[in-house]
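Student: I would like to go through this structure with you. Could we begin with the strands and then turn to the rest?

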Amino acid sequence: MNKTLEREVTTVNKKVTLRNKNQVTIPTETVQMLNLHKGDAFEVSVENGRVVLIPVVTIEKDQSWFWTAEWQEGEEEAQKDIEQGNVK
């Protein structure tokens, strides 16, 4: 299952300050809008002179098998069978 996630374009303009140890506080409105939580991980990149933080989900190594393309194809097939009533 290889789906491309579309990004919703929402502009939030808040001024933040780089503090000691290169820390920046993400504004509360942004945290709530993106449903972020303490401990969430981010990918950091620089695009056209802008710092971009992208929330990422880390999958535990012992659970990575579930997210392989082959397994997800099987999950999709099983879901279709359930929806069509082809299961007992």
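Student: How many bridges join strand β1 to strand β2, and do they run parallel or antiparallel?

Tutor: Strands β1 (residues 41-47) and β2 (residues 50-56) run antiparallel and are joined by seven bridges. Two strands count as paired if DSSP finds at least two bridges between them. Helices (H or I, at least four residues) and strands (E, at least two) are DSSP runs, numbered from the N terminus. Please note that this is a predicted model, in which local features need pLDDT of at least 70, side-chain atom pairs count only at pLDDT 80 or more, and totals for chains, interfaces and linings use all residues. Residues are numbered from 1 along each chain as its sequence is written, and side-chain values use heavy atoms, with hydrogens and water left out.

Student: Which residue is the bridge partner of F42 in β2?

Tutor: The partner of F42 in β2 is P55. F42 and T58 are 16 residues apart in sequence, and their C-alpha atoms are 9.8 Å apart in space.

Student: Is T58 buried or exposed?

Tutor: T58 counts as exposed, because its relative accessibility is 61%. Buried means under 20% relative accessible area, exposed means over 50%, and partly exposed lies in between (1.4 Å probe, protein chains only).

Student: Back to the hairpin. What is found between the two strands?

Tutor: The hairpin of β1 and β2 has two residues between the strands, and N48 takes a positive phi near 50 degrees there.

Student: Where is L53, and how accessible is L53?

Tutor: L53 is found in strand β2. With a relative accessible area of 44%, L53 is partly exposed.

Student: Changing topic: how many salt bridges does the structure hold?

Tutor: The structure holds two salt bridges. A salt bridge here is a side-chain nitrogen of Lys or Arg within 4 Å of a carboxyl oxygen of Asp or Glu. One of them joins K14 and E29, with the closest N and O atoms 3.5 Å apart. K14 lies in the segment before α1 (28-33) and E29 in helix α1, so this pair ties together parts that are 15 residues apart in sequence. K14 is partly exposed at 48% relative accessible area, and E29 is partly exposed at 39%.

Student: What about K80 and E76?

Tutor: The side chains of K80 and E76 meet in a salt bridge, at 3.9 Å from N to O.

Student: Why are K80 and E76 separated by about one helical turn?

Tutor: They are separated by about one turn because K80 and E76 are four residues apart in helix α2. An α-helix has 3.6 residues a turn, so residues three or four places apart point the same way. K80 is partly exposed, at 45%, and E76 is partly exposed, at 34%.

Student: What span should helix α2 have, and what follows α2?

Tutor: At 1.5 Å a residue, the 15 residues of α2 (residues 69-83) should span 21 Å, and the end C-alpha atoms are 21 Å apart, which agrees. The expected span is 1.5 Å times one less than the number of residues. After α2 comes G85, whose phi is positive, near 75 degrees.

Student: Finally, how do the elements run in the chain overall?

Tutor: From the N terminus on, the order is α-β-β-α. Of the 88 residues, 8% count as buried.
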